[in-house]
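Trainee: I would like to learn how to read a sheet and a chain contact. Where do we start?

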Amino acid sequence: MSSTILNLPDQSTATVPKRNYLTNENGLMSWLLTGDHKRIAILYLISITFFFFIGGALAGLIRLELLTPQSDLMASDTYNKIFTMHGVIMVFLFLVPSVPATLGNFMIPIMVGAKDLAFPKINLLSWYLYLVGGGMTLAAMITGGVDTGWTFTTPMSTHFSNTNVVTTGLAVFVAGFSSIFTGLNFIVTIHRMRAPGMTWFKLPLFCWSHYAASILMVLGTPVLAITLVLVVLERTIGIGVFDPTKGGDPILFQHLFWFYSHPAVYIMILPGMGVISEVISTFARKRVFGYTAVAFSSVAIAVFGFFVWAHHMFIMGVSNYAVLVFSLLTMLVAVPSAIKIFNWAFTLYKGSITFETPMLYAFGFMGLFTIGGLTGVFLGSAGTDIHLTETYFIVAHFHFVMVGGMLMAFLSGVHFWWPKMTGRMYPEKISQLAAVVTFIGFNFTFFPQFLVGMLGMPRRYAAYPQEFQVLNVFSTAGASILGVGYLLPIIYLLWSLKYGAIAGNNPWRATGLEWQIQSPPLTENFTTIPIVTQDVYDYEWLDAQKEHEVTHVG
Amino acid sequence: MSDSHAIAAAGEHEVHEEHPPYLRHHFVSMEQQTETTSFGMWLFLLTEIMFFGGLFTAYLIYRNWYYPAFVAGSHQLDIFWGSLNTLLLICSSFTMAMGVWSAETKRHKGLVWSLIGTLILGIGFLGIKTIEYTEKYEKHHIPGHNFDWKGFTNPTQEEIAKGDKPLAPDMAQKTEVYFSLYFAMTGMHALHMIIGIALLCGMLFKALRGGYMDGHIAFVENFGLYWHFVDIVWIFLFPLLYLISRHQ
Amino acid sequence: MGLSPVLWEFLVKWMVNFAIIPPEASRIASQVDALLVFMTLVSLVGLVLVGLLVVGFSILYRRERNPVATQIEGSTLLEATWTIIPLGLFLVMFVWGSVLYFRIYTPPPNAMNIYVVGKQWMWKAEHPGGQHEINSLHVPINQPVQLTLISQDVFHSFSIPAFRVKREAIPGRYTTVWFEPTQIGTYHLFCTQYCGTSHSAMIGEVVVQSAEDYKKWLNSSTSGTSLAQNGERLFSSLSCNACHNGQPDSRGPSLANVYGSKLTLTTGQPVLVDEAYLRQAILNPSAHITQGYAPIMPTYQGQISEEGLISLVEYIKNLNSNYRVQQTLNTTGLLPEQPVTPTGKAGSSAQGVAKP
């Protein structure tokens, strides 16, 4: 591996600054009643990691069952509950809040030059709502589970399932408001609390991505909320809006559900793309190529993302002409993502590149998101969607974009900003190893799923025809490797809290306001509100700074 | 670029400018605080529009499909109560606006009386809704097990005199869809009213003890926005639910 | 598609042998595969391009080799290039895929119709001749077959990977899909929409047979009553014939020749009478009253199963006077010989569908 850009203070004399947001106040209540966006971010980080591992354990059980063609590890009903809970937890309790609620919460106020988000109390409320939603989900899981699939398809969920649909539906409803309030906070903060001189086009692309994702959170999630309310009402008192025997239409549910759940996937990926912009820029020592194009692409993805929902319904008997419209729009929404990938690739051109862990994860993102995104085009084209939909091809597609894309971006961001959040460096060698292990494990797990889906293996099957076994075994083997790749960071990141090297203000010599302040930051972030005169990603300005101004501690 | 001030050096403290005690310190000025809070409230109301939007979409589709059932269902609602409720809410929006003005101009009695007026009108609205819901319960028009659609195949003389036609059984069954939407929409609206009334009580309590007279009136102003929004939702619900094909 | 047929066949054989794609057993399959191959190639090229850029730049511009980065704002030309080329490629896939989609969901006029009812957790196929199968579907080779699908409970999805077709079976309304089998054999049939406990067990076989074997199968599996005959029985047992008795002063319109015609409803709205319309008219008659008639038809919602509805629909289809002639034209050689029933109505399987 090449020499790093790592710029640490003298380890023999450096210490973590005594006064910082972690040490400012002590005691449990100071955490549970905090308004500090950074503490809330840490609270979220702990919570979503907890739920991630539950969702991951469920995934492990799925893969174990699928080692053999028979449904022999557990009863079918149990398997159905397990993949449902896996989906619900991973989508609503991990992917949606992951980057925004942790890294977004932590960094956005600092990046815009503010002392906190616009509404700190609502930020805290948002975390409590998340906990309530998560708690209700766990309760539903423990008291019998849910087996409708995370998509709550009616009439299965309203009339035929005998499981905790109502509890889970309400849990997601509550967690949805957590998401709405986070998005609301971000939009208002970015609009109203930028420091003097911080114009829109001096904002880091991380902020642009979060802004676009927040628009989706704020406008889309309420539709999911009301849809779940209707499902709960139908299930409890039988109102009949989705019941064909009473004149209702189950396809209406599909429209309402996917109207949120398609933008939801962009809610999940856009913040990750924001991380990639920051990481690639830093580790190539270059401003992002085509900053304006990337910024506008983020917004374009958000806008177009609202108009493609029925591509989840191509085979459900919607009119052929509706299919034409949605297929066309789906092709259009793919273009901004392609633009971003190429812009990131060209950011590397004539850069000065090093391969620290965040950069490795970013490269993984680029490859895997490209594959995932392109397979999305396979699905957006109506004729091929007929063959591929509802098979493992779909499962592979969304795991490539969500796990190969989003989760890698999340890990990239966590490693990138770890020194800022904790004042400590993670250990580089083992983390690079973990990144590589994750990449390999991921490909082994999910690439065979494209193949087995192309062959026709349906999704949500506990048992399958014998001829699909080899590919499934590969997939499970990969999953075990992937699990190792995810466990390692927990271990060494926790280790680094005590034993990691002291990071100093700017170990990466990165641009951005967050790197000009101490690590970990003060509670109020800045002692004086900065006045921003330099450009975003201004490496020339950075290099002109005196060494100690950039890297001193505290 | 050479004289950037972007680095925040530790140890410097800004001159502590004069500011009201209720300025939250993550804001640099009162102006920023009020503008930001207002922006946040408007954005929240936008999410509320999306929230009700799902119900309006369902209403649109089913009214299109089952128009005769919607007409018959709508005629079961009492225009008198509906109109009275509309009047009550419009008046309560007026009293709320007076309350905001009173707070802005530091009129203590004006604020208290305006809030009391809004509260009474709001509770009146809910009272009337209770009367209406009770009537629905008695007539077995609440969707679910006890829903009675047979009455729509055989309207009473009174109803026929008003122009109601008997519905075929399968269309009569669709009145359950109408009433489902009626209860979902007015119920969700009523829930928002209840939340509003709870907040109103809190505000009134604080106002009675002299609050909101020091210029810190963001809560009153933003609550006013919320209250007007709930009123506007009702202004849409009333004609859509009560006034389908009324020709007298 | 620019690829010689021989090369294409070789490629397909290789892909099927190595289990990359399912066998191509329907006429549309190779067309779908052609688009899939195109998409895969484009994706490979794209991926390799991105990979080369990333790896190439990483090697050329790694820190040891290039210690100082050159700050570049961007390039409008490049932006235009990588906007327009992907957009162009995606639009090609859009058009190609849309054409395929229309083809898969628009049956030809000579397609024979088989009804499929999905329920938790089995598929029931109903051939017009009265043959029933559970979790299997026998079809003749080289004959377009349309499936009319419906679910009795939750969403299911009827999938035949070897044919590259799939369609959701929805409660409350018919959906259709068609295919023309081109290869004799047995292929997988899956339910691909999660439907509860035994979703994974809702699988079966599609058996493509030669014309003779299919005839033999029809003969051996028939219950003796075609769907239309069953429908005729229901028509009288449910008292439909009380109003729809074909007399000039009857309370309900005559149903002879109604299938395939255009009706005007009392609302003035014109409708095409297809299977979906007939089913709706039985379940929700007051939204479907023919002009000139009173809305007095009772609803049969809850009183009749989906199989019953299918039988009634088949019976009504069979009342078309030219229907039997069309059957003969479309399906000569396929039908087992059946005696004509005393009422003069065709007792033979109504295997052709005259699509107007």
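Mentor: Start with one strand pair. Five bridges join β4(C) to β10(C), residues 204–209, and the two run parallel. Strands are DSSP runs of E with at least two residues, helices are runs of H or I with at least four, and both are numbered from the N terminus. Two strands pair if DSSP finds at least two bridges between them. This is a predicted model: local features need pLDDT of at least 70, side-chain atom pairs count only at pLDDT 80 or more, and totals for chains, interfaces and linings use all residues. Residues are numbered from 1 along each chain as its sequence is written, and chains are lettered from A and ligands numbered from 1 in the order in which they are written.

Trainee: Which residue stands opposite Ser136(C)?

Mentor: Glu205(C), in β10(C).

Trainee: What is the order of the strands in the open sheet of chain C?

Mentor: In general, strands of a sheet pair through backbone hydrogen bonds, parallel or antiparallel. Here five strands follow the order β4-β10-β9-β6-β7 in chain C, with mixed pairing. β4 (136–140) and β7 of chain C are the edge strands, each pairing on one side only.

Trainee: Which helix lies across β4 and β10 of chain C?

Mentor: Helix α4(C), residues 211–221, running at about 130 degrees to β4(C). Axes are lines fitted to C-alpha atoms, for helices over the stretch in contact, and angles run from 0 to 180 degrees between N-to-C directions.

Trainee: How many residues does each chain bring to the contact of C and A?

Mentor: Chain C brings 78 and chain A brings 77. Residues are in contact if their C-beta atoms, placed from the backbone, lie within 7 Å. On the side of chain C that touches chain A, α3(C) gives the most, with 19 residues.

Notes: Contact = placed C-beta atoms within 7 Å.
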